Amino acid sequence: MKAQRARTAGARTAGGARAAHRTGAEARSGEAGTLAFLAELSQALAVSLDLRQTLSETVTRVVDFMQVEAASLFLLDPATLVLDCRICVGPVDIAGVRLAVGQGIVGTAVAENATQLVVDAASDPRVWRAADDSSGFVTRSLVCAPLRTAAGPIGVLEIVNRRDGTPFSSADAELLELVAAPAALAINSARMAASLLEQQRLKREFDLARKLQKSLLPHRRRDGFPVIGVNRPAHEISGDFYDHFELADGRVGFVVGDISGKGLDAALLMVRAASLLRWAGKDGIEPAAWLARANDELCETTQDGRFVCALVGYCDRAATRVRFAGAGFPPVIVQRGDAFDEYASGGPPLGILPGIAYEQQDLALDGGTFYAFSDGATDVRDAQGRPIGNAGVRALIARHAHRSLEPRLRGLLADLKQLRLVDDTTLLLVEAPRAEQPDALLELRVPARAEALRDLRSAVRATLDGLGVEPRLRDTLVLAVDEACANIIRHGYGKACEGDIELRLARDGAMLAFELRDTAPCADPAALRPRPLGELRCGGLGIALISEVMDDWRVEPLAGGRGNRLVMHKRIDDIAGEANEA
């Protein structure tokens with residue numbers, strides 16, 4: 001009997017030793033298998049940039065390797081702090097289930113950014129049981145690992161019930177954490193790829209919208225046409241627009257519009273509103289009826305709360321009279337000589353209330369200029385960050401009033417851009433065609449600082465070289481222009497030197513015209529008298545040199561108490577000969 005017990009004990013000892021040996025071998029095999037699984041999973045996830053494929057690949061491989069009954073992957077919506085089940089594998093389909101952060105074991109894993117191990121689900125009150133109650137499935141044990149990133153958790157990877165019926169252990173929790181790391185990286189990469197594709201798609205749509213907008217803007221007319229406009233978007237696409245067209249009776253119709261809001265929706269409404277207003281105005285009806293017709297149409301079809309500020313009108317081909325009406329548009333400015341008049345819009349924007357009766361106005365321009373502009377012009381910020389308003393726009397108009405229509409429009413826009421545009425900006429001008437000015441050979445603006453004159457001298461020298469002006473005379477003319485600019489800086493602006501100098505060099509046959517403009521306090525032309533050259537030193541030649549070199553010159557103070565215009569003429573006989581030969 002004793003011998004039998006000894007043999008039995010020995011057999012158990014040997015069996016235990018073999019079992020211990022087998023467990024160690026399986027452990028070593030499990031470690032190698034885990035590393036191989038993680039490597040394969042990381043490689044498979046690295047090549048996928050499709051988010052759904054990445055999620056499905058992760059959950060399917062986890063179920064197979066860890067031999068579990070069910071697994072799911074939740075992603076966090078950072079805006080709502082809700083976890084959405086995107087993929088699940090198992091007997092119960094919980095895809096689409098949404099849990100708040102902190103709700104259930106899944107929500108706790110995100111709230112604490114820590115892996116949650118539940119050995120006995122029946123005794124843990126945190127377990128979310130709604131799926132079990134509705135399906136009959138029994139959750140015995142589970143593990144939830146957060147999908148961690150540098151910015152915080154982006155979701156949860158969950159496994160439920162081992163297939164062998166044993167509860168999960170801390171080793172299972174550690175393994176799931178290891179799996180969650182490459183999964184989180186792959187999901188982030190897939191999201192970034194999807195975001196990039198979406199940005200590219202939106203860019204293509206914006207490019208198409210921008211091209212469509214540009215196609216609706218009228219072509220520039222250079223045949224003495226009385227209306228000219230420009231549109232400058234603040235961003236990729238514009239909510240502003242303008243249009244002009246000729247009617248059979250000889251009148252010219254014009255439109256300026258500004259859509260509320262930004263983005264692609266506003267751009268699409270801009271396209272529709274521009275087409276609608278052109279269609280309504282082609283009948284030649286009164287401006288007030290024109291706006292009323294467009295308003296009723298927009299009220300019927302615009303449902304998202306957007307509206308359109310617009311101004312429409314007609315002028316005759318010679319621009320002697322303008323008849324117009326506005327709908328929520330900024331006041332029109334009419335400049336006649338040194339005087340400015342403003343005319344406010346008489347009705348609300350289009351697309352808000354149907355049946356509106358709009359007011360219209362009939363003006364005689366009397367040689368003046370009609371300026372219509374969207375609120376992007378008045379919203380431009382000055383050096384202190386304040387909107388310039390209508391007063392600022394009037395000051396800019398006065399600054400460029402001497403120019404012909406197209407250069408004036410370019411100058412206004414350049415000043416607005418320099419101040420800083422914060423919104424889409426559209427300008428439309430109506431003016432009787434002026435007599436042609438001599439062709440401009442050079443137009444340049446430089447700051448009123450001595451160091452900026454180097455560029456100005458170089459530009460004048462290069463222009464005169466292009467005309468074939470003899471080098472000695474060329475250098476003398478450059479020096480005269482330089483001395484004139486130095487006088488503007490020294491005696492006009494003074495120490496502050498806050499302003500610019502504008503140079504325009506034009507040619508009319510054999511005559512060269514040098515024109516310099518500034519915004520310094522107005523000078524007294526009677527006080528500007530040259531002294532003999534022998535009494536002056538280099539750098540102070542000024543008016544004496546100008547009088548010696550130029551055929552004639554004059555200084556004209558500008559309106560408003562600021563600004564001067566210096567005009568100098570020089571006849572170049574060689575150019576006259578070339579012109580006659582041509």
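**Starting from one glutamate**

Let me begin with Glu 431, whose side chain makes a polar contact of 2.8 Å with the side chain of Arg 408. Please keep in mind throughout that this is a predicted model. A second polar contact, of 2.4 Å, links the side chain of Glu 431 to that of Thr 369. As for its place in the chain, Glu 431 belongs to strand E16, which covers residues 425-431, and with a relative accessible area of 4% Glu 431 is buried. If we leave aside residues up to four places away in sequence, Glu 431 touches Pro 226, Ala 319, Gly 368, Thr 369, Leu 405 and Arg 408.

One of those neighbours, Ala 319, deserves a moment of its own. Most residues other than glycine have a negative phi. Ala 319, however, has a positive phi of about 55° although it is not a glycine. Ala 319 lies in the loop between strand E10 (308-315) and strand E11 (321-327), and at 2% relative accessibility it is buried.

Asp 366 also has a positive phi of about 55° without being a glycine, and its loop is the one between strand E14 (360-364) and strand E15 (369-373). Is Asp 366 buried or exposed? With a relative accessible area of 62%, Asp 366 is exposed, whereas Ala 319, as I said, is buried.

**The whole chain**

Stepping back, the protein chain contains 14 helices and 21 strands, and of its 582 residues, 45% are buried. If we take the contacts in the chain with a separation of 6 or more, 64% of them are between residues 24 or more positions apart. The chain exposes about 28,800 Å², and carbon and sulfur atoms supply 53% of that area.

**A strand and its two partners**

Let me turn to strand E1, residues 68-77, which is largely enclosed by the rest of the structure, because eight of its ten residues are buried. E1 runs antiparallel to strand E6 (residues 155-162), and seven bridges join the two; in that pairing, Phe 74 stands opposite Val 156. E1 also pairs in the antiparallel sense with strand E2 (residues 82-89), again over seven bridges, and here Leu 75 has Asp 84 as its bridge partner. The hairpin of E1 and E2 has four residues between the strands, and in this hairpin Leu 81 takes a positive phi near 55°.

**Cysteines**

How many disulfides does a search of the whole structure find? The search finds zero. Cys 85 shows the reasoning in one case, since its sulfur is 4.9 Å from the closest cysteine sulfur, in Cys 88, and that is too far for a bond, given that a disulfide requires the two sulfur atoms to be within 2.5 Å. Cys 85 is buried, with a relative accessible area of 3%, and Cys 144 is buried as well, with a relative accessible area of 0%.

**A helix under cover**

Finally, I would like to show helix H13, residues 542-549. Why can we call H13 largely enclosed by the rest of the structure? The answer is that six of its eight residues are buried, and these are Gly 542, Ile 543, Ala 544, Leu 545, Ile 546 and Val 549. The cover over these buried residues includes helix H12 (471-493), strand E20 (552-557) and strand E21 (562-571).

In the loop between strand E19 (511-521) and H13 we find Asp 524, which at 47% relative accessibility counts as partly exposed. The C-alpha atoms of Asp 524 and Glu 556 are separated by 8.7 Å, although the two residues are 32 residues apart along the chain.

Note on methods. Residues are numbered from 1 along each chain as its sequence is written. This is a predicted model: local features need pLDDT of at least 70, side-chain atom pairs count only at pLDDT 80 or more; totals for chains, interfaces and linings use all residues. Side-chain values use heavy atoms; hydrogens and water are left out. Buried means under 20% relative accessible area, exposed over 50%, partly exposed in between (1.4 Å probe, protein chains only). Contact means heavy atoms within 4.5 Å. Accessible areas come from the Shrake-Rupley method with a 1.4 Å probe; for residues, only the protein chains shown count as cover. A polar contact is a pair of N or O atoms within 3.5 Å; within protein, one must be able to donate a hydrogen and the other to accept it, and residues adjacent in sequence count only if both atoms are side-chain atoms. Two strands pair if DSSP finds at least two bridges between them.
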